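Some words used for protein structures rest on stated cut-offs, and the turns below go through a few of them one by one.

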Amino acid sequence: MSADKLVREEKRGVNQRPARRGGGVIAKGKSMSFTPKTENWDPLPTSRTDTIRARKTPSTPQTTAPAYRLAFADEDFMCREELRPVRLQLELLKPEMLLSERGVKSTVVIQGGARIPAPGEKPTAARNETQWRNLTAASVYYEEARKFAALCSRHSALSGYSEFVVMTGGGPGVMEAGNRGASEIEAPSIGLNIVLPHEQAPNRYIDPELCFNFHYFAIRKMHFLMRAKAVAVFPGGFGTMDELFETLTLIQTERMDRVPVILFGAEFWNRVVNFEELADFGTIAPEDLDLISFVETAEEAWSIIAERYGVETE
């Protein structure tokens with residue numbers, strides 16, 4: 001299709017999705033657009049139209065200079081340090097728009113270690129024999145995360161996948177297990193990946209239309225909690241701890257509603273974090289311990305969520 005035809009079709013609104021009403025769910029597999037057709041007459045050219053027109057500009061010393069590029073289409077300009085506030089806003093806005101278009105109203109967040117292998121797989125992250133044994137034994141958490149995600153997704157299906165949608169950090173280990181559990185019953189799930197120094201692709205079980213990539217950890221963590229009806233945390237490392245304690249802090253300080261915070265594996269958590277000692281020492285209130293629920297199985301975890309929100313269990 002020629003640039004001229006693209007411009008003409010853009011002006012007529014061809015190939016644009018009509019504005020959606022009522023927050024209905026987009027069927028799995030359908031793409032989502034950032035340029036919905038509006039019902040109001042607009043005599044001005046769209047930004048997309050002018051982006052296409054700008055590509056047709058004759059090549060001269062002036063038009064090929066970086067200064068001449070449209071600001072919003074200039075990658076070098078958008079990556080300048082002074083544009084950080086704009087990039088922060090865009091990372092908040094893009095997933096929010098797409099999740100809203102998809103009709104996602106609430107999520108169940110699954111967090112946990114990237115190094116935990118699936119049952120029967122080798123713990124490739126192990127650096128010594130002790131880690132090998134521990135990570136191999138921890139594969140039970142992979143399986144429970146997988147089962148838990150499937151449980152959540154079956155109930156999510158009753159709302160057309162608008163409620164209790166599984167959300168993970170998009171990586172391997174426990175995160176993969178969460179997306180896998182949803183995928184295995186043909187349910188969509190969300191993955192919030194992040195750019196890291198070492199190569200890391202999102203796991204293959206995430207719904208491609210709900211697979212997001214982030215530069216800013218802070219914005220990624222906001223998206224974890226903006227729709228969360230529950231946060232399930234499996235054994236993990238620094239990243240898992242960071243996400244857990246940020247959630248607990250927001251609930252403790254009443255900056256977010258009290259949602260179930262469910263920790264899988266009481267033995268692990270009580271070994272690595274002495275919650276009771278925090279209360280005994282006085283740095284948290286005794287009642288703050290009630291913000292946490294410990295479970296061992298997917299069924300226990302779902303029963304806590306079902307009781308909290310009045311959902312019927314099978």
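Q: What makes the meeting of the side chains of Glu143 and Arg146 a salt bridge?
A: In this predicted model, the N to O distance between Glu143 and Arg146 is 3.6 Å, and since a salt bridge asks for a side-chain nitrogen of Lys or Arg within 4 Å of a carboxyl oxygen of Asp or Glu, the pair qualifies.

Q: How many residues apart are Glu143 and Arg146 in helix 6?
A: They are three residues apart, so about one helical turn separates Glu143 from Arg146.

Q: Why is Glu143 called partly exposed?
A: The relative accessible area of Glu143 is 25%, and because buried means under 20% and exposed over 50%, a value in between is called partly exposed.

Q: Which salt bridge links Arg146 to Glu184, and where does Glu184 lie?
A: The side chains of Arg146 and Glu184 meet at 2.7 Å, N to O, and this pair joins distant parts of the chain, with Glu184 in the loop between helix 7 (174–183) and strand 3 (190–194), 38 residues apart from Arg146 in helix 6. Together with Arg180, the residues Glu143, Arg146 and Glu184 are linked in a network of salt bridges.

Technical notes:
Residues numbered from 1 in each chain as written. Predicted model: local features only at pLDDT ≥ 70, side-chain atom pairs only at ≥ 80, totals over all residues. Heavy atoms only, no water. Helix = DSSP H or I, 4+ residues; strand = E, 2+ residues; numbered from the N terminus. Buried < 20%, exposed > 50% of the residue type's maximum accessible area, 1.4 Å probe, protein only.
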